[in-house]
Amino acid sequence: MLKSILSICIMAAAGLLVFALMLPTQANQLAQSVLGETVSVAHTNSISTSSKKVSAILDSTISSVLSKPRTTAKSTVTPNAVIDTSPLSVENIIDATNQERIKAGLQPLKTSTKLEQSAKIKTEDMITNHYFEHTSPNGKTVADLGNEVGYNYVVMGENLAVGDFTDAHDLLTAWMNSPGHRANILNTSYEDIGVYAAQGTYQGRTVWFAVQHFGTERGVCPIISSSLKNSIDALNTSITAQEAAITALRTKIEDPNHTDDQAYKDMITQFNALVAKYNADLITSQTKIAAYNKQVVAFNNCLSQYQVSTLKE
């Protein structure tokens, strides 16, 4: 009898942290196993101040690798797999999950329609494309699914399961019996949850495929002002242009063959005006950069709270 296969995956802000838990198979029976993943955004870099120009800000990136290759049996699926929501409804799975958190003294997770959508996409993709992995055949991870549904996160997580589950309690019991999955369900970094379950064919049997997606949206951390960043960039462009104009005018003024006429005096007046504006804009730029960097530090301090330690198999 095929009981269940579980999977949990975790990625973290300072780099990808992924672990997999696989229990051994026994004769004529596939034991429970676990995959899981959590992902969060990379830290934002501060802007360096300079008397010459403002440095650029690096874009944040997310990457995904698995801790070790895993060999799992491939699934087969019948077209238009039937979804039975009575024993494993979304509401029942979320309620069972939150009951476990409440028992542990934690706040229950809020239902996120976006995470429900990403969990549904993952479930149906595994059934349709005959796999049971965190990374799909076309390379998509939980991070990609979060971006796809517009879930702007600082951290995300994923639990997977396939097997003969009788109800939501049976499914949660299987997850909670695994230390890794239990840690993911009771992770204090998460605020939101979305789940989905559907039936498909696995190893010649009709079984349940279930997905939990956890997350916390970026809004939990202080805002880094994009308008302030744009203002700094525009001011930097202007300062660079002013530098070029000042240098060109200085060359003309310092020409030993210049004539002491009114045009030369006007050129000196123009030069001094350009220098005054340049110095004023430079001070403004440095003030704005300091304010922006303060926002970056506050964001990164918040983000560091969502980092997790690598979980070993």
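Ser112 touches Tyr151, Asp192, Ile193 and Gly194, leaving aside residues up to four places away in sequence. In this predicted model, Ser112 sits in the loop between strand S4 (110–111) and helix H2 (113–129). Ser112 has a relative accessible area of 9% and is therefore buried. The side chain of Ser112 also reaches the backbone nitrogen of Leu115, at 3.1 Å.

**Overall make-up**

- The protein contains seven helices and seven strands.
- Their order along the sequence is β-β-β-α-β-α-α-β-α-α-β-β-α-α.
- The protein has 313 residues, and 47% of them count as buried.
- Of the contacts between residues at least 6 apart in sequence, 78% join residues at least 24 apart.
- The accessible surface is about 15,300 Å², and carbon and sulfur atoms account for 53% of that surface.

- Strand S5 (residues 153–163) is largely enclosed by the rest of the structure, because eleven of its eleven residues are buried.
- S5 pairs with strand S7 (residues 205–217) in the antiparallel sense, over ten bridges.
- Within S7, His213 is the bridge partner of Glu158, and Gly215 is the bridge partner of Met156.
- S7 is mostly covered, with ten of its 13 residues buried.
- S6 and S7 also run antiparallel and are joined by eleven bridges.
- Ala197 has Ala210 in S7 as its bridge partner.
- S6 and S7 form a hairpin with two residues between the strands, and Gln203 in this hairpin takes a positive phi near 50°.

**Nonpolar cores**

- The largest nonpolar core has 49 residues, and Leu88, Ile93, Leu171 and Leu172 have the most contacts inside it.
- The elements giving two or more residues to this core include helix H1 (90–103), helix H4 (168–176), strand S6 (192–202), helix H6 (226–253) and helix H7 (262–304).
- H2, S5 and S7 are also among the elements that give two or more residues to this core.
- Leu171 touches Leu88, Ile93, Ala161, Phe165 and Ala210, again not counting residues up to four places away in sequence.
- Another core, of ten residues, lies apart from the largest one, and among its residues are Leu235, Ile246, Tyr264 and Phe271.

**Salt bridges**

- A search of the whole structure finds nine salt bridges.
- One of them joins Lys110 and Glu191, with the closest N and O atoms 3.7 Å apart.
- This pair links distant parts of the chain, since Lys110 is in strand S4 and Glu191 is in the loop between helix H5 (179–185) and S6, 81 residues apart.
- Lys110 counts as partly exposed at 45% relative accessibility, and Glu191 is partly exposed with a relative accessible area of 32%.
- Lys110 also meets Asp192 in a salt bridge, at 3.3 Å from N to O.
- Asp192 is in strand S6 and Lys110 in strand S4, 82 residues apart, and this pair too links distant parts of the chain.
- At 6% relative accessibility, Asp192 counts as buried.
- The side chains of Arg250 and Glu254 meet in a salt bridge at 3.8 Å, N to O.
- Glu254 is exposed, with a relative accessible area of 54%, whereas Arg250 counts as partly exposed at 39% relative accessibility.

Terms used:
Residues numbered from 1 in each chain as written. Predicted model: local features only at pLDDT ≥ 70, side-chain atom pairs only at ≥ 80, totals over all residues. Heavy atoms only, no water. Helix = DSSP H or I, 4+ residues; strand = E, 2+ residues; numbered from the N terminus. Buried < 20%, exposed > 50% of the residue type's maximum accessible area, 1.4 Å probe, protein only. Contact = heavy atoms within 4.5 Å. Areas by Shrake-Rupley, 256 points an atom, 1.4 Å probe, with all protein chains shown as cover. Polar contact = N/O pair within 3.5 Å; in protein donor to acceptor, adjacent residues only side chain to side chain. Pairing = 2+ DSSP bridges. Core = buried A, V, L, I, M, F, W, Y, C linked by side-chain atoms within 4.5 Å. Salt bridge = Lys/Arg side-chain N within 4 Å of Asp/Glu carboxyl O.
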